Amino acid sequence: MSRDTHAATVRRLFGAVRDLPATARHARLLELGADPLLIAEVDAWLAADAATSALGSPVPGAGIGSSELGVGDVLGAWRLVDELGVGGMGAVYLAERADGHFDQRAAIKLIRGIPSPETFVHFARERQILATLQHPNIARLLDGGATPGGQPYFVMEHVDGVPIDRYCREQALGLAARLALFIDVCKAVEFAHSRFIVHCDLKPSNVLVRADGVPILLDFGVARALDAGATVEEQRAASAWVTPRYASPEQLRRETVSTASDVYSLGLILFELIACRRARLDADDHTITLLGQAIARPSALARDVPWAGRLRGDLDAIVQRATAHAAEARYVSARALADDIERHRAHRPVLARPQTVSYRASRLLRRRWPVAAVAMLLIALAGMFTWRLAAERDRALVAEREATVQANTAAQVSEFLVSVFNVSNPKLRQRRDLSARDVLDEGAKRIENELGDAPRVKAHLLDVLGNAYRSIGEPARTVELFRQAIALHLDPRVDDPLAAAATLSQLAVVYSNNKFPASEAEAAARESLRLREAHAAPDSLDMADALNTLGIILEQGGHADQAEPLLRRSLAIRTRELGADSLNVASTLHNLGLVASSRGDNAGAVELYRQALAIKRARVGEHHPEYQSSLDNYANALGQVGRHDEALAILRENVTLAHELYGDASEHLAVGYNELGSQLHDLGRFADAAVEYREALAVHGRMEGDGQRNASRALPLNNLASAYEDMGDLVAALPLFRESLALRLRTQDPDSSIVLRAEYNLARAATKAGRHDEAAGPLEHVLAEYRRRFGEANFQTAKAEAVAIEGLLGRQRLGEAQALRAAMAEPASEHRTWRLLLARTDARLALARSDTAAARNAAREAWELSRAQWGESHPLIVEAGVLYATALARSGEADEARELVAQLRPIADAAFVEGAPLRSRLDTWR
């Protein structure tokens with residue numbers, strides 16, 4: 001049936017039942033020969049008609065491609081530039097930003113027809129929840145709202161790709177490649193389900209595949225949250241916006257949806273990908289119904305498909321289970337569906353089929369056919385020589401002994417493999433000509449392909465391999481392998497919870513060190529501690545490891561007070577069990593140094609790092625990753641206590657060592673350049689610092705691109721932006737601050753500490769540049785979170801409030817600025833940095849209200865505090881100096897002001913770019 005014929009059929013049926021009572025419509029449609037899918041489409045028209053008839057709108061579908069807006073129109077911040085497509089739900093347009101703030105493209109969907117009030121409630125409620133979905137295989141929902149005419153719309157990330165069925169067809173993908181692509185789709189759907197969000201409209205056109213082969217899920221705009229508490233009316237309104245061809249039976253009946261509804265749609269997509277045909281060809285095609293009743297099979301329906309025979313059995317059963325009519329008969333999750341496909345690919349029994357002895361045996365033989373062939377040959381030989389029973393008895397004894405030898409040999413082979421992989425680890429390798437990455441990649445393939453029937457050995461080797469990747473700076477690959485190892489350790493076939501706890505501990509550290517969400521790192525560390533509390537002695541080394549890991553995770557999350565007692569307890573256990581000179585003791589001393597630094601006890605941190613380095617030097621020498629891991633922290637602590645020359649020399653040594661150990665494309669080298677830049681930055685050598693930050697970014701550029709590395713790239717980006725800001729080049733700084741914030745938002749919780757710091761930095765720079773609208777949103781979020789977490793009596797809160805005051809002054813809102821300053825907490829007398837912040841703020845407020853005496857006093861205090869903080873020649877004193885010179889001039893002390901300006905000008909000329917705001921203000925005194 002053609003598209004036009006189908007539309008005419010739906011229109012004819014709609015007209016036949018439009019004026020009937022609602023209770024009589026379905027019976028009449030059945031009399032007219034409509035199947036359930038046609039009935040569902042007519043129901044959608046009837047629902048839209050009910051919402052629009054009061055406004056005199058035409059019959060639904062009569063202008064299915066029409067829209068209130070068109071190409072060239074502006075909708076909010078967006079201009080519609082091209083029509084991408086038209087469907088039953090509405091029209092989709094390519095759009096670009098029209099407000100001039102920055103360049104961005106998006107896809108905008110304009111909803112067809114005037115919705116009911118319940119529809120608006122649904123869209124408004126779900127939009128906020130769906131905007132939080134952040135996954136590499138899900139197009140993000142960016143914005144939404146209503147048009148001037150009252151139609152809802154969604155702004156989505158624009159994806160340049162083609163529908164998944166068309167991609168498979170155009171690329172001539174084989175069965176294995178299609179299954180692999182579909183598994184990625186299932187994982188993305190499972191991610192949404194884990195956030196309690198159901199897509200509700202999965203279909204091939206909503207899964208686009210980019211040119212690089214990555215599938216992206218679209219159109220979460222009609223999804224709904226399982227825990228959002230929607231009313232029945234809202235659920236029914238939401239259910240009207242589905243594609244009947246791929247909707248589950250419960251969706252067609254307008255019942256409550258669940259994850260099983262998405263599993264059903266996934267099953268139909270899978271059918272179409274592997275059978276190379278639509279699940280419903282025309283109105284007389286009942287394939288979908290027959291699949292749900294486990295009558296139709298993809299293998300029987302595939303036409304001219306080279307792999308049709310390979311669909312029989314497993315894949316037939318998988319599709320039938322996914323598309324079962326009853327929701328409870330389907331897979332419990334999209335992940336379970338993907339797992340069953342993975343079992344099929346590995347020649348393991350799939351859960352969709354009865355687990356008979358013969359079936360399981362056939363799968364085993366398929367996986368181990370060489371062994372089976374040898375076994376059959378041995379049986380045949382035994383049958384031929386049964387008359388030699390006595391001799392065979394002796395042979396059996398020999399075989400038994402040989403089996404024992406073979407078992408021992410297998411253990412030795414396992415140990416050998418471990419030793420091979422450990423050689424590729426920079427911590428253990430002795431040969432300098434060995435390519436670690438080549439050995440590791442080959443080892444990973446062998447483990448995956450050869451150890452499926454040895455889960456204990458496989459889990460152990462995955463641990464070793466993960467640690468090796470970790471040592472060469474491959475965090476994403478490390479996380480993947482550690483997760484696989486943990487699952488195997490907890491598998492009933494292995495049942496080794498302490499091994500799982502050990503790997504969880506390492507996983508938590510990798511999460512934390514590589515800017516994964518803090519919640520994931522803490523969850524892994526706490527689970528490791530829980531398993532060890534349940535299965536290990538209280539004062540065991542296992543417990544010491546769990547305590548050490550949770551301690552460092554808490555410290556990095558800003559909870560030093562909670563971290564220190566855990567680390568002290570770990571240190572006591574390790575010292576007693578291993579001796580005071582063990583590497584594990586050095587590791588805990590290093591972590592206690594981090595706690596001391598976070599508390600401002602820099603002298604204590606220097607001593608703890610010194611002790612850790614002394615142990616490491618004695619145990620492994622100076623050309624070793626363990627030694628390198630403490631160098632930069634030690635140098636930073638030295639810089640904090642004023643030993644800058646020592647700090648710079650050590651940081652340069654650290655960069656050289658990282659390059660020698662890990663090569664020129666490693667996270668360790670990037671961190672080394674970044675730390676060297678930070679030390680130069682603290683010394684006021686902003687241009688030199690920018691050079692090192694750019695080196696760090698160049699290292700990131702040489703590494704293979706993935707989402708996690710991009711997130712770790714946010715730190716040198718932020719620091720380079722800060723260097724430009726301190727040089728007075730706000731034009732260069734602002735784009736980098738924006739990019740750094742965007743990278744952190746991809747992998748971090750929106751309220752995480754590092755996201756808040758990035759928002760604060762962007763707001764501060766935007767305020768300096770006079771871009772108050774851009775600063776407002778991030779600053780409001782930061783202030784709310786800091787006040788909630790720390791209260792008013794906190795330096796972080798005070799810093800954000802000072803930026804807010806500067807913004808108010810920039811917008812000539814002096815009264816509000818003074819009210820905010822009056823509400824700020826006063827610092828303790830010893831907190832010099834906080835006192836400096838308030839003195840500068842007070843001076844600006846006094847100048848704004850022309851209170852010259854108060855301005856002079858406050859500016860003088862800021863000038864004296866800044867010199868005490870940074871010395872007489874640091875560029876960061878210039879801001880307070882200019883403020884003081886201005887106050888002196890307004891107080892009639894022009895000579896003193898000019899003298900101060902003359903002192904400041906050479907410092908500013910050396911540190912700031914030409915045209916920098918502070919440098920320009922000094923130039924006005926010429």
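**A close look at helix 24**

Mentor: Happy to. Helix 23 (residues 541–556) packs against helix 24 at an angle of about 150 degrees, and their axes are 8 Å apart. That angle makes helix 23 roughly antiparallel to helix 24 (under 35 degrees is roughly parallel, over 145 roughly antiparallel, 65 to 115 roughly perpendicular, and the rest oblique). The axes are lines fitted to C-alpha atoms, for helices over the stretch in contact, and angles run from 0 to 180 degrees between N-to-C directions. Helices (H or I, at least four residues) and strands (E, at least two) are DSSP runs numbered from the N terminus.

Before going on, please keep in mind that this is a predicted model, where local features need pLDDT of at least 70 and side-chain atom pairs count only at pLDDT 80 or more, while totals for chains, interfaces and linings use all residues. Residues are numbered from 1 along each chain as its sequence is written, and side-chain values use heavy atoms, with hydrogens and water left out.

Back to the pair: helix 23 passes helix 24 in a left-handed crossing, meaning that the near helix is turned anticlockwise from the far one by less than a right angle (clockwise would be right-handed). On the helix 23 side, the contact (heavy atoms within 4.5 Å) includes Leu541, Met543, Leu547, Leu550 and Leu554. Helix 24 contributes, among others, Ala563, Leu566, Leu567, Ile573 and Leu578. By class, the residues of this contact are 13 nonpolar, four polar and five charged (Ala, Val, Leu, Ile, Met, Phe, Trp, Tyr, Cys and Pro are nonpolar, Asp, Glu, Lys and Arg charged, and the others, Gly among them, polar).

Now follow helix 24 (residues 560–578) to helix 25 (residues 583–598): they pack at about 160 degrees with axes 9 Å apart. This angle makes helix 24 roughly antiparallel to helix 25, and the crossing is left-handed.

Helix 34 (residues 753–768) reaches 23 Å from its first C-alpha to its last over 16 residues, close to the 22 Å expected at 1.5 Å a residue (1.5 Å times one less than the number of residues). Of those 16 residues, 13 are buried (under 20% relative accessible area; over 50% is exposed, in between partly exposed; 1.4 Å probe, protein chains only). Just after helix 34, Gly770 takes a positive phi of about 80 degrees.

Cys200 also has a positive phi of about 80 degrees, although it is not a glycine. Cys200 sits in the loop between strand 8 (197–198) and strand 9 (207–210), and is buried at 6% relative accessibility. Gln812, with phi near 60 degrees, lies in the loop between helix 36 (795–810) and helix 37 (814–823) and is exposed at 69%.
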